[in-house]
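Dear colleague,

Here is the structure that I promised to pass on to you. Please open it beside this message, and then read on for what was found in it.

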Amino acid sequence: MMQTSPNIVAVPAPVRLLMRPLPLLPLRLMLERLVSGLIRRRPGLFLRLDHHAEKVFLIDPTDLPFVFRLKPDPEHPTVEPLRRERAGAWDGRIAGPLGALMGMIHGTFDGDALFFSRDIIIEGDTEAVLALRNALDDAEIDLMEEAAIAFGPFRPAIEPFLRGVTPVAARITGLPLSRSDENEVFT
């Protein structure tokens, strides 16, 4: 059930400080695998963007020390983590706490409510950002399930671990780590 007035939890400052020096290459490799698998299983995901698929989107979790630069080109989509100061040019930017952004992806929070309550900020090409949001809403993505799938042949070993740890981690962190409309993390 989607919440209209969310209680958004921010990543604590000590955790942000610990994350700051971490190398982004492992995260980039994981995201590349996740996105390529997602597009392989859902080839129409970014087709809905039409001419906006050529745009560059900056996904900016304001409580993390890095941002994500998304190029949803259906032929070769990329998501790369970058240090905030190296974000470069973008066409549309969505900024807000990690919990709000994950809640939108997982269908826990209503994007319009987050925008009007100023929990998220949209800048640049608003039409393109709305097209992206609508495409992601329609896809009903579960990031934990996608992460398990990205492990390929190791999925049978990883999936039970993620099934057990995801609900506990969600309760501890307050972050919406999986789709809210499912009783289980994976289907």
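Two strands are said to pair if DSSP finds at least two bridges between them. With that in mind, please remember as you read that this is a predicted model.

I begin with the sheet. In E2, the bridge partner of Leu58 is Arg69, and this is part of the pairing between E1 and E2, which run antiparallel and are joined by three bridges. The chain passes from E1 to E2 by a hairpin of four residues. On from there, E2 and E3 form another hairpin, with six residues between them, and these two strands are also antiparallel, joined by six bridges; in E3, Leu82 is the bridge partner of Val67. E1 also pairs with strand E4 (residues 92-96), here in the parallel sense and over five bridges, and in E4 the bridge partner of Asp60 is Ala95.

Taken as a whole, this is an open sheet of five strands with mixed pairing, in the order E3-E2-E1-E4-E5. Strand E3 (78-83) and strand E5 (121-124) stand at the edges and have a single partner strand each, so one side of each is left without a neighbour in the sheet. On average, and with direction ignored, neighbouring strands of this sheet are turned by 20° against each other. H2 packs on the sheet, where it touches E2 and E3, and its direction makes about 160° with that of E3.

Which parts are covered? E2 is mostly covered, with five of its six residues buried, and H3 is mostly covered as well, with seven of its eight residues buried. The buried residues of H3 include Leu98, Leu101 and Met102, and what covers the buried residues of this helix includes E1, E4, helix H4 (111-116), H5 and H6. Just after H3, Gly107 takes a positive phi of about 75°.

Finally, please look at the largest pocket, which has a volume of about 1,400 Å³. Of the 46 residues that line this pocket, the closest to its centre are Leu31, Phe68, Leu98, Met102 and Leu143. The elements that give two or more residues to the lining include helix H2 (25-41), strand E2 (66-71) and helix H3 (98-105), and H2 gives the most, with seven residues. By class, the lining has 42 nonpolar, two polar and two charged residues.

With best wishes

Terms used
Residues numbered from 1 in each chain as written. Predicted model: local features only at pLDDT ≥ 70, side-chain atom pairs only at ≥ 80, totals over all residues. Heavy atoms only, no water. 1 Å grid on protein atoms, 1.4 Å probe; cavity = no way out; pocket = protein on both sides within 12 Å on 5 of 7 lines; lining within 4 Å. Points joined across faces, edges and corners; volume = space filled by probe spheres on them. Nonpolar A, V, L, I, M, F, W, Y, C, P; charged D, E, K, R; others polar. Axes fitted to C-alpha atoms, helices over the stretch in contact; angles between N-to-C directions. Contact = heavy atoms within 4.5 Å. Buried < 20%, exposed > 50% of the residue type's maximum accessible area, 1.4 Å probe, protein only.
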